[in-house]
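Please look over the sequence and the model below before reading on.

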There are 2 protein chains.
Amino acid sequence: MLSLKHLPLSSFNENLAYLHKDCAAYKVDDISTLTKIEIHGGVKPVYAFLQVVDDAKLVKPTEIALNNEAFKQINLPEGANLSISLSTPPPSLASVKRKIAGNILSSGEYSSIINDITAKRYSNMDIASFLVASGSFMSAPEVLSMTEALVGDNVFHWDNEGIVVDHHCLGGVPGNKTDIIITAIVGAYGLPIPKTASRSLTSCAGVADTMSVLTNVDIDDKTFKKLVKENRAAVACYDGLNIAAASKMISSVERQIGLTQQEHITSSILAIKLAAGVTHLLLDIPVGPKSRIKSTNEAMRLRKLIEYVGDMLSMEIDVVITDGSEPIGNGVGAVLEARDVMKVLRNKEDAPQDLLEKSLFLAGRILEFDPKLRGGQGYLVAKEILTSGRALEMINKIIHAQGKAPQPQVGHLTRDIVSNVSGVVEAIDNSRINKIGVWAGAGQYPGAGLDLLKKVGDTVEQGETLYRIHSCNSTDFAYANSVVDGYTGYEISGRPSNY
Amino acid sequence: MLSLKHLPLSSFNENLAYLHKDCAAYKVDDISTLTKIEIHGGVKPVYAFLQVVDDAKLVKPTEIALNNEAFKQINLPEGANLSISLSTPPPSLASVKRKIAGNILSSGEYSSIINDITAKRYSNMDIASFLVASGSFMSAPEVLSMTEALVGDNVFHWDNEGIVVDHHCLGGVPGNKTDIIITAIVGAYGLPIPKTASRSLTSCAGVADTMSVLTNVDIDDKTFKKLVKENRAAVACYDGLNIAAASKMISSVERQIGLTQQEHITSSILAIKLAAGVTHLLLDIPVGPKSRIKSTNEAMRLRKLIEYVGDMLSMEIDVVITDGSEPIGNGVGAVLEARDVMKVLRNKEDAPQDLLEKSLFLAGRILEFDPKLRGGQGYLVAKEILTSGRALEMINKIIHAQGKAPQPQVGHLTRDIVSNVSGVVEAIDNSRINKIGVWAGAGQYPGAGLDLLKKVGDTVEQGETLYRIHSCNSTDFAYANSVVDGYTGYEISGRPSNY
């Protein structure tokens, strides 16, 4: 028997157990092997990966130390008596190998894989293997199986609500924060919208990051349910909700290995929305040469896949393919995006028109899920809700209900990127703009990002500012500055300066 | 600036850096993200993955703590002043993504990937992604590129030796420890044989494990070179040698995710042998229905691949395809295999004949790399060296030179698995025997394993022992016992007991 100790280390979702190299209960002879153990003594066995310590001040030979993740799961006080045994690899890893070999996996196999991920029986390496193997090819029924498996046991039920809506955008377009505006309009209209949002994976800001600038989004299941019932709308970062747990672990590994396959994202998004009890979902697929989805063909294939999975799982999904050729709005990065969103909601004259129009279009489509609304009316109803100030009222209600945010400031280190020719902005490269923003610190620091002062079609004089870089620390600022001049992401059609 | 602290934790080849959540020099705001940092202050920047600590007793906000791996690499005393910066992902990860998408990678891309792995710029997850992606398909030129990249900078040169030999077996056959016998015979003959051996990856014992029972195999480059020059033969575990570093990290991840693709193993083995300065290599591919390579067709394809890579890298390779239909020898597991090996070298009457004959056959092939030897003479010369006791003399010389081993004992917990029918042993399932051995503790404990008392073709009476399980602790013993009855791995052609 070993005595439980808590080592307050956080390790990115993995359960780690630390044993002294001369552990009294287990022969720790080969530190080059990653060993999975089962820890007994709690309500259920806890799985963990063994780490070896050679300092008795950290962990005594009579102790077993657990990191934050494992300590929380075992739910026992320090000093509790525990026993350990070697854990056999979960049988579902055989299915991962079958996928590596190019096979189609059954629904039962996906269910076993996702259950074992949820039970923390997969190392992050195992999850990475599964994602790379399945990322190269998944049939439509496999995406369905994975989605069903990811939904998990905890599904929100919204009593007596026939229609529960939400919106999701597949991303790849910087600044595209229609979600918050849509939520305000739809909530003000009266359709329940339990908005689940994620933090940035590879972009300058996720919806949860931008919303975090305005209000607290780290709320639990109970608060989220209560607020949606009371106000019709609430925005929660799904990390804090107890739904689709495996999906979070998968996202974390996706972010770490930088692999974002549409099939995985689709099943993950649909699973989260299903677990949140959404019955009617609007899915926005932006298409552009430098967006995530590059062609209408590709978008159409993805749309068919999403519609198939939605139909099989009885979710009403309206897939819209939108223009993703350039960033939406001016701000890229959480604080700058929140500024744009608030300008739209406040009906400011300098509100970005593209963000305004896209939000109204999408909100209108969601409102038309309501059978009481005639086809084609949605846009005008949405516009009326926005211009009347009812959307602003709703966002203020949400902010008040969820609690004030710490109000981060826009990054104080700035540099203006100017045009070296006079002409017209022909194109803005989404993926380059996103990269420069990330290099400037966006995704990490809410105040970092880019403020786009010129958009496609704008005329520009030589020396005039195209965009402004904002950083929150000198390291990021220096890095963004050192790379931006190589390629600014803007394409200007030059004309003689005396044109 | 942060003050260096050593946290004596071992983490399976990954460099880890621990910062307090209120770190003075860096904003540690998002513990769900795996962040790669560069640590400045040593001779070269050290790359590490960030871990977050919420206890100032472990790591103060003014400190940066490094685990064993990173502390060794930075090579500075505790208290040294260090600065950190966010590390950008290595550009070669883009090539990994190209491989995931199904592309053929160039030689330069393999070189960049392997260099970044060597520099510890890949997390184990990144390495897993690369292995799974390339494991599904590699062209022959890709295997060549990977092999060349894996060789690395440190290559052993054996002055004035025209021929430097070694042997490798692709594995999958329990108990198959011809290597040690071959090394003794070839060394006694006088051909230099710098034998590099590995520990068990997924089997009951690697050559290094079995040799560890007899002598110390953890020797460094200098000792290894000196001993081969003095005695013509030495056996080193390649983990302890400063060659093909990336290959070790790749093996470690392969072991952890349980993925062993022939292309990777081939390039890894050839790279290690090339780095060890081997000019002539005998490669044994055992074929059997339950061996790693299941058909002659598959073996032939692999042989062509190995010959192609060898030719391009000017290594003389003799590939032999051997019978891998059942285990070789009686012992499975390090101690039991070492017993068999010593019986053969001591010319004992009860030495396993299959191990003896296979060793003579392979040693003979190696001896024939010597141009002085006429074709076909090798076997007889090898036999003469063995029966005359010169091979035993050589192994004793090696044991004496490398130092005594701790002499582990065979596992004291035993159970005889008996036949429930009388008949003839028709088949023994290699992969099942290996699994039962691993469950009994082999691979982890040298004394654990199986002693096979019956082989294919032997007659067996009902109630007679087929094999004996040996375990070193009650947990492994209980587990092996609980699963072995489901399927013993033996196929007996039953006959009536009064036959």
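## Cysteines

Over all chains, the count of disulfides (pairs of cysteine sulfur atoms within 2.5 Å) comes to zero. A:Cys23 is in no disulfide, and the nearest cysteine sulfur, that of B:Cys472, is 17 Å away. A:Cys23 counts as buried because its relative accessibility is 9%; buried means under 20% relative accessible area, with a 1.4 Å probe and protein chains only.

For A:Cys204, the closest cysteine sulfur is that of A:Cys472, and the 12 Å between the two sulfurs is too far for a bond. A:Cys204 has 4% relative accessibility and therefore also counts as buried.

## Basis of the model

This is a predicted model, in which local features need pLDDT of at least 70 and side-chain atom pairs count only at pLDDT 80 or more, while totals for chains, interfaces and linings use all residues. Residues are numbered from 1 along each chain as its sequence is written, chains are lettered from A and ligands numbered from 1 in the order in which they are written, and side-chain values use heavy atoms, with hydrogens and water left out.

## Packing of two helices

In chain A, helix H5 (residues 140-151) packs against helix H11 (residues 296-312) at an angle of about 50°, with the axes 10 Å apart. Helices here are DSSP runs (H or I) of at least four residues.

Contact means heavy atoms within 4.5 Å. A:Ala140, A:Pro141, A:Val143, A:Leu144 and A:Thr147 of H5(A) meet A:Leu305, A:Tyr308, A:Val309 and A:Met312 of H11(A).

Notes
Axes are lines fitted to C-alpha atoms, for helices over the stretch in contact, and angles run from 0 to 180 degrees between N-to-C directions. Buried means under 20% relative accessible area, exposed over 50%, partly exposed in between (1.4 Å probe, protein chains only).
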